[in-house]
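Here's a quick briefing to read alongside the coordinates. Have a look at the structure first, then work through the points by topic.

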Amino acid sequence: MRIIVLLGPPGAGKGTQAAGLAGDLGLAHVATGDLFRAHVAAGTDLGRLAKGFMERGQLVPDDVTLGMLLARLAEPDAAAGVVLDGFPRTRAQAEALDRALAERGERVEVALLIDVPEDVLVARLADRWICEAAGHVYSRTARPPKVDGRCDVDGSPLVQRADDRPETVRARLAQQMAPLAEVVAHYERQGILRRIDGQESIAAVGAALRAALSGVGAPTAEGAPTAEGVSTGSAPSTGGPSVTGGAPRTGPRQA
Ligand SMILES: [Zn+2]
């Protein structure tokens with residue numbers, strides 16, 4: 001099965017891209033947040049376990065999260081593989097995932113990082129302005145007011161909540177970037193990390209992700225079976241029209 005890890009800082013559009021990519025490739029989009037909710041809602045053992053930690057305000061332990069993930073991999077819609085969104089978040093999780101997959105004869109095929117410089121992220125995440133009078137929401141880029149700094153509806157001044165101010169956003173981001181950097185380094189050491197410039201449009205980032213994938217998913221990687229008799233030396237099969245699986249589709253497609 002194909003196991004693709006999608007990495008990126010908050011504000012990089014990871015969830016949107018993961019869903020689009022999974023849909024295109026016929027893989028299941030597995031977001032950790034959804035897993036938690038599904039298990040808690042269904043009242044599974046893992047769900048009850050996770051809920052206990054969450055209610056005590058503690059982090060759900062890695063083995064619980066990993067257990068949910070492995071159960072998810074066994075579901076029918078994940079038969080061809082998954083795009084992981086939100087896991088692994090730490091180096092320890094990445095290592096635990098590697099071990100669990102190895103026991104099943106599987107491995108992470110590729111880790112795709114949607115790379116966005118910190119300053120750009122801060123600008124994106126701190127771009128939320130609300131009007132003093134009624135809380136109408138604006139964004140300098142996505143939804144600018146007609147008159148700078150004034151609400152279109154009632155003319156009251158636009159202000160930022162403490163949570164949305166650049167210095168707060170920067171501090172929050174810094175906390176999340178350190179573990180991400182370790183996960184990135186983990187896959188970089190394995191030689192399976194691909195960096196994608198996340199500063200482009202959603203469509204352009206999506207296209208770059210697909211381009212990065214083409215070639216890595218081909219069944220000619222190191223794991224290819226080397227049948228004894230067949231190897232006549234040269235002529236590596238030139239991925240002709242016979243490829244059934246991971247052929248990248250390059251039709252126009254809106255995300
Ligand atoms: Zn207003």
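What is the order of the strands in the open sheet, and is their pairing parallel or antiparallel? The order is β2-β3-β1-β4-β8, 5 strands in an open sheet, and the pairing is parallel. Keep in mind that this is a predicted model, so a few notes on confidence come at the end.

**The sheet**
- Going from one strand to the next, the twist averages 25°.
- At the β8 end, β4 (residues 110-115) runs parallel to β8, and 5 bridges join the two.
- Across that pair, A111 stands opposite L193 in β8.

**A cis peptide**
- F87 and P88 are joined by a cis peptide bond, with omega at about 0°.
- For background, most peptide bonds are trans.
- P88 itself is in the loop that lies between β3 (81-85) and α5 (91-103).

- Mean pLDDT for the chain is 85, with 84% of residues at 70 or more.
- Strand β1 (residues 2-7) has the highest confidence, at 97, while helix α6 (residues 118-125) has the lowest, at a mean of 89.
- Residues 217-255 are another matter: pLDDT stays under 50 there, and the model has 18 contacts beyond four places in sequence for this stretch.

Note on methods:
Residues are numbered from 1 along each chain as its sequence is written. This is a predicted model: local features need pLDDT of at least 70, side-chain atom pairs count only at pLDDT 80 or more; totals for chains, interfaces and linings use all residues. pLDDT is the predictor's confidence in each residue, from 0 to 100. Helices (H or I, at least four residues) and strands (E, at least two) are DSSP runs, numbered from the N terminus. Two residues are in contact if their C-beta atoms, placed from the backbone, lie within 7 Å. Two strands pair if DSSP finds at least two bridges between them. Axes are lines fitted to C-alpha atoms, for helices over the stretch in contact, and angles run from 0 to 180 degrees between N-to-C directions.
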